[in-house]
Amino acid sequence: MNREKNLAKNTIIITIGKICTQLITFLLLPLYTGILSTEEYGTVDLLNTLVSLLLPIVTFQVEQAMFRELIEVREKEDDKKRIISTGVLTVVSQCIIYLLLFALISPFINNNYKMFLATNVVTYIFLSLLQQIARGLGDNKKFAVGSFISALSIIFFNILFLVVIKLGATGMLLGTMCGQLIAITYLFFSLKLYKYIKIKEYKKDIIKKLWKYSIPLIPNAISWWIFNASDRVIATAFLGVDQNGILAASLKFSTVFITFYNIFNMSWTESISININDKDIDNYFNKMFNIIISLFTAMGVGMIACMPFVFPVMINEKFSSGYGLVPVSIIASLFNVVVGLVSVIYIANKNTKAIANTSIISAIINITVHLSLIKFIGLYAAVISTFVSFFVMSIYRIIDIKKRYFKIKINKLFFIKSIIALLIVISCYYINNLYLNIFSLIYAIFFAWSINKNSIEFILNIIKKKIKRA
């Protein structure tokens with residue numbers, strides 16, 4: 001029970017910091033889609049997509065290895081100094097090399113926003129690095145506050161540069177950089193990293209150990225980029241940057257969905273990594289797996305049921321052709337959740353090679369399906385290819401984990417109920433009749449309660465106890 005309580009407690013702490021800011025960002029979607037043209041919005045999304053591709057290549061995913069290693073030395077000050085010093089100094093060196101290479105090739109890049117491929121990559125890297133250090137040290141509160149400061153600052157600067165100064169796409173990119181710099185400053189001083197980072201603590205054996213864990217994650221990260229970002233690149237190449245803007249706007253809803261999971265996944269990864277050697281780890285994992293997948297399935301069904309009412313309010317009319325993409329992208333994200341839930345077993349066992357192998361195969365499937373369909377069904381190829389690749393990866397990893405570690409048990413009755421619920425809300429969504437949409441929403445609420453009654457009561461009790469202690 002302590003494991004469940006710690007998992008719930010850490011998830012609540014991280015959620016408080018992340019969810020408020022994500023909600024504010026989501027509510028500002030009408031502002032962004034209203035002020036920016038489809039071309040400008042598509043340009044910003046495309047550049048952010050390229051930034052996300054460069055991150056793992058520049059850093060070798062060292063921050064992920066630091067998080068995993070710090071979990072095991074939280075009570076050992078000397079080990080923490082060596083890991084943090086080695087990791088941070090390595091990343092600084094890698095960023096310097098990246099900036100020098102960028103300076104050399106920059107004259108050959110013909111793009112008005114190319115500067116942000118240098119600045120925003122570096123700020124993203126250091127924000128991610130400091131966040132992973134906070135998590136590795138077990139300081140989820142500072143992680144949550146840092147995330148809150150980052151998002152709130154980005155929103156502030158976006159409004160300033162978009163609404164007041166009217167800088168357009170440049171304003172959004174500049175606002176992101178400024179907001180991240182503020183969060184980096186907060187995390188550096190609040191974690192007192194200046195006490196940990198010493199040149200004399202840099203150790204070659206530690207960086208070799210970190211790279212042994214992290215380098216296999218590079219192809220995995222690139223594969224995830226293919227899942228999440230190549231769709232935008234392909235859409236831009238075949239259909240134009242304005243269509244990419246429409247795709248980006250429609251995917252904001254599934255992004256909200258997966259953001260909720262990513263928040264949970266931080267504490268989920270930590271929990272499984274800490275308890276991986278427990279004798280009953282298979283029972284604990286399967287119990288939590290079925291609880292979590294029930295919650296996110298209910299959330300997915302509920303989001304689809306809400307979309308007929310929410311989409312016209314949140315998205316400017318010039319992006320309305322993306323309406324039909326939303327349900328498929330949410331279902332794809334649901335299988336993304338399944339992939340994430342089972343993948344922590346690999347991470348806990350430090351088997352990053354298995355993660356890389358399965359990710360590469362699914363990434364190839366994603367690109368192949370997308371390129372095969374885009375000329376026939378346009379933007380729908382993007383969401384369908386993502387769905388197919390995540391579906392294949394989830395099935396493969398469940399089978400592979402059964403062979404390597406233990407069997408993942410899925411509640412069959414829940415599985416049948418979920419299929420029926422998805423068929424009902426999706427049918428109502430595309431028919432788009434007011435009365436059917438109201439029925440769909442009521443049904444989604446009933447479905448969510450019926451499969452999650454015990455879990456909801458458990459979470460509410462944890463929150464009540466936390467409030468009373470406070």
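Modeller: Angles under 35 degrees count as roughly parallel, over 145 as roughly antiparallel, 65 to 115 as roughly perpendicular and the rest as oblique. The model is predicted, so that local features need pLDDT of at least 70 and side-chain atom pairs count only at pLDDT 80 or more, while totals for chains, interfaces and linings use all residues. Residues are numbered from 1 along each chain as its sequence is written, and side-chain values use heavy atoms, leaving out hydrogens and water.

Helices (DSSP runs of H or I, at least four residues) are numbered from the N terminus. Helix H7 (residues 140-164) packs on helix H8 (residues 169-190) at an angle of about 150 degrees, their axes lying 7 Å apart. Here axes are lines fitted to C-alpha atoms over the stretch in contact, and angles run from 0 to 180 degrees between N-to-C directions. H7 and H8 are therefore roughly antiparallel. Their crossing is right-handed, meaning that the near helix is turned clockwise from the far one by less than a right angle. The contact of H7 with H8 has 13 nonpolar, 10 polar and 1 charged residues; Ala, Val, Leu, Ile, Met, Phe, Trp, Tyr, Cys and Pro count as nonpolar, Asp, Glu, Lys and Arg as charged, and the others, Gly among them, as polar.

A second pair is formed by helix H12 (residues 252-275) and helix H14 (residues 326-348), whose axes come within 10 Å and cross at roughly 10 degrees. That angle makes H12 roughly parallel to H14. In the contact of H12 with H14 there are 16 nonpolar and 8 polar residues, and no charged ones.

Methods: Helix = DSSP H or I, 4+ residues; strand = E, 2+ residues; numbered from the N terminus.
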